[in-house]
Amino acid sequence: MPTARLRYQVTETPQVAHALDLAAKQWPGVPRSKLLLRLVKAGCDSLDVEQHAEADAHRVAVTAGSGRDPDAFGPNYVSELRQDWPT
């Protein structure tokens, strides 16, 4: 079918076959070509959750340390630091 979208050819390597076999157990009766699409969506969903969890953990860590040592940097710290920078 004609399309302007990119197409990908996937060879059923042992790893791909294993993934498809697992997917077939999860979604019985679905053709292997459709299982590929479901696997891509499942992988994307998993990565999305993982990346959001990492961002949330980073945010919590930064917030937990925020303001913990107010005397760590003096009032002129940034301007003094910039004095060493080339112009």
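**Figure 1. Helices and overall dimensions of the predicted model.** Helices, of at least four residues, and strands, of at least two, are DSSP runs numbered from the N terminus; on that basis the protein, shown here as a predicted model, holds 3 helices and 0 strands. Read from the N terminus on, its elements follow the order α-α-α. Taken along the principal axes, the box filled by the C-alpha atoms of the protein is roughly 65 × 35 × 25 Å. The radius of gyration of the protein is 25 Å, whereas a compact globule of 87 residues would have a value near 12 Å.

**Figure 2. Burial and accessible surface of the protein.** Of the 87 residues in the protein, 5% are buried. The accessible surface of the protein amounts to about 8,200 Å², and carbon and sulfur atoms account for 58% of this surface.

**Figure 3. Helix H2 and the glycine that follows.** Helix H2 covers residues 32-65, and its 34 residues, at 1.5 Å a residue, should span 50 Å, which agrees with the 49 Å that separates its end C-alpha atoms. After H2 comes glycine 67, which has a positive phi, near 75 degrees.

**Figure 4. Lysine 25 in helix H1.** Helix H1 comprises residues 14-26, and lysine 25 lies within this helix. Lysine 25 counts as exposed because its relative accessibility is 69%, the cut-off for exposed residues being over 50%. Proline 2 is 23 residues from lysine 25 along the chain, and the C-alpha atoms of these two residues are 32 Å apart.

**Figure 5. The largest pocket and its lining.** The largest pocket contains about 250 Å³ of space. Its lining is formed by Tyr8, Val10, Ser33, Lys34, Leu36, Leu37 and Val40. Sorted by class, the residues lining the largest pocket are 5 nonpolar, 1 polar and 1 charged.

Conventions. Residues are numbered from 1 along each chain as its sequence is written. This is a predicted model: local features need pLDDT of at least 70, side-chain atom pairs count only at pLDDT 80 or more; totals for chains, interfaces and linings use all residues. Side-chain values use heavy atoms; hydrogens and water are left out. On a 1 Å grid over the protein atoms alone, a cavity is a set of points where a 1.4 Å probe fits but cannot get out, and a pocket is an open set with protein on both sides within 12 Å along at least five of seven lines; lining residues have an atom within 4 Å of a point. Grid points are joined across faces, edges and corners, and a volume is the space filled by probe spheres set on the points. Ala, Val, Leu, Ile, Met, Phe, Trp, Tyr, Cys and Pro count as nonpolar, Asp, Glu, Lys and Arg as charged, and the others, Gly among them, as polar. The expected span of a helix is 1.5 Å times one less than its number of residues. The radius of gyration is taken over C-alpha atoms; the globule rule is 2.2 Å times the number of residues to the power 0.38. Buried means under 20% relative accessible area, exposed over 50%, partly exposed in between (1.4 Å probe, protein chains only). Accessible areas come from the Shrake-Rupley method with a 1.4 Å probe; for residues, only the protein chains shown count as cover.
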